[in-house]
Amino acid sequence: MNDYRILVVDDEEDLCEILKFNLENEGYLIDTANSAEEALKTDLTKYDLLLLDVMMGEISGFKMASMLKKNKATATIPIIFITAKDTENDTVTGFNLGADDYISKPFSLREVMVRVKAVLRRTASGNEKEAPQQLVYKGLILDMTKKKVSIDGIEVSLTKKEFEILLLLLQNQGRVFSREDILAKVWQEEVYVLDRTIDVNITRLRKKVGEYGKCIVTRLGYGYCFEYQ
């Protein structure tokens with residue numbers, strides 16, 4: 001398993017699901033969007049790579065890529081165009097927009113996996129990829145170096161366990177962790193820790209982070225996750 005998060009943007013829902021299934025089998029964290037408009041509503045800065053279809057609705061893949069490259073926050077996100085267009089001019093356009101690779105439909109899934117791995121390896125090496133020192137969601141900032149959390153510039157006092165739970169959930173936005181998962185990752189070798197301990201810490205954490213408490217979602221029968229609102 002690796003920590004690379006990839007967004008697949010394509011108006012063919014079946015293709016999105018096929019790519020999602022196969023990329024997740026390779027250990028990647030995958031989200032999908034069926035239009036550029038849908039993709040642009042998400043926090044794109046969390047992605048290590050975009051697989052972007054060219055031929056989509058009002059905002060084409062080329063137009064979306066151009067928008068991203070003009071935004072300092074998203075300018076360095078690698079892009080692989082996936083498209084049925086395969087003329088020389090289209091390929092040149094894609095690379096002129098800053099694309100890292102270009103795959104023409106129909107393609108083999110094996111080819112996609114190889115190209116994704118190659119782009120991630122190349123861009124990670126070029127950027128000396130390191131884990132971020134801060135996790136940011138709107139006004140909520142978790143500083144992993146200083147071990148502190150602030151909201152709109154005001155520090156929030158968290159216990160060590162509360163901090164580590166929030167860190168776990170923020171690092172894996174949208175992923176559901178069971179009580180057993182949280183116990184194993186946060187309490188690790190500590191013994192005699194009850195499931196109820198997780199619930200108590202989650203309740204306290206929600207209160208302490210104020211409006212962001214609603215982002216810590218309970219999935220009944222499954223566990224907890226952090227979801228962008």
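Is leucine 194 buried or exposed? I looked this up first in what is a predicted model, and I noted that leucine 194 is exposed, with a relative accessible area of 58%, since exposed means over 50%. I then placed leucine 194 in the loop between helix 7 and helix 8, the latter running over 195-208. From there I checked its distance to glutamate 180, and I wrote down that the two are 14 residues apart in sequence and 9.7 Å apart in space, C-alpha to C-alpha.

**Helix 6**

I turned next to helix 6, which has 12 residues and reaches 16 Å from its first C-alpha to its last, close to the 16 Å expected at 1.5 Å a residue. I found helix 6 mostly covered, with nine of its 12 residues buried. My list of these buried residues reads Lys161, Glu162, Phe163, Ile165, Leu166, Leu167, Leu168, Leu169 and Leu170.

**Helix 6 against helix 7**

How do helix 6 and helix 7 lie to each other, and at what angle do they pack? I recorded that helix 6, residues 160-171, and helix 7, residues 179-187, pack at an angle of about 120°, with their axes 10 Å apart. On the side of helix 6 the contact is made by Lys161, Glu164, Ile165 and Leu168, and on the side of helix 7 by Ile182, Lys185, Val186 and Trp187. Sorted by class, I have five nonpolar, no polar and three charged residues in this contact.

**Backbone entries in the loops**

I looked at the peptide bond from lysine 105 to proline 106 and wrote it down as cis, with omega near -10°. Proline 106 itself lies in the loop between strand 5 (101-104) and helix 5 (109-126).

For lysine 138 I noted a phi near 55°, which is a positive value in a residue other than glycine. I found lysine 138 in the loop between strand 6 (134-137) and strand 7 (140-143), and I marked lysine 138 as exposed, with a relative accessible area of 58%.

Aspartate 152 went into the notebook with a phi near 55°, again a positive value in a residue other than glycine. Its place is in the loop between strand 8 (148-151) and strand 9 (154-156), and at 55% relative accessibility I counted aspartate 152 as exposed.

How values were computed
Residues are numbered from 1 along each chain as its sequence is written. This is a predicted model: local features need pLDDT of at least 70, side-chain atom pairs count only at pLDDT 80 or more; totals for chains, interfaces and linings use all residues. Side-chain values use heavy atoms; hydrogens and water are left out. Axes are lines fitted to C-alpha atoms, for helices over the stretch in contact, and angles run from 0 to 180 degrees between N-to-C directions. Helices (H or I, at least four residues) and strands (E, at least two) are DSSP runs, numbered from the N terminus. Contact means heavy atoms within 4.5 Å. Ala, Val, Leu, Ile, Met, Phe, Trp, Tyr, Cys and Pro count as nonpolar, Asp, Glu, Lys and Arg as charged, and the others, Gly among them, as polar. The expected span of a helix is 1.5 Å times one less than its number of residues. Buried means under 20% relative accessible area, exposed over 50%, partly exposed in between (1.4 Å probe, protein chains only).
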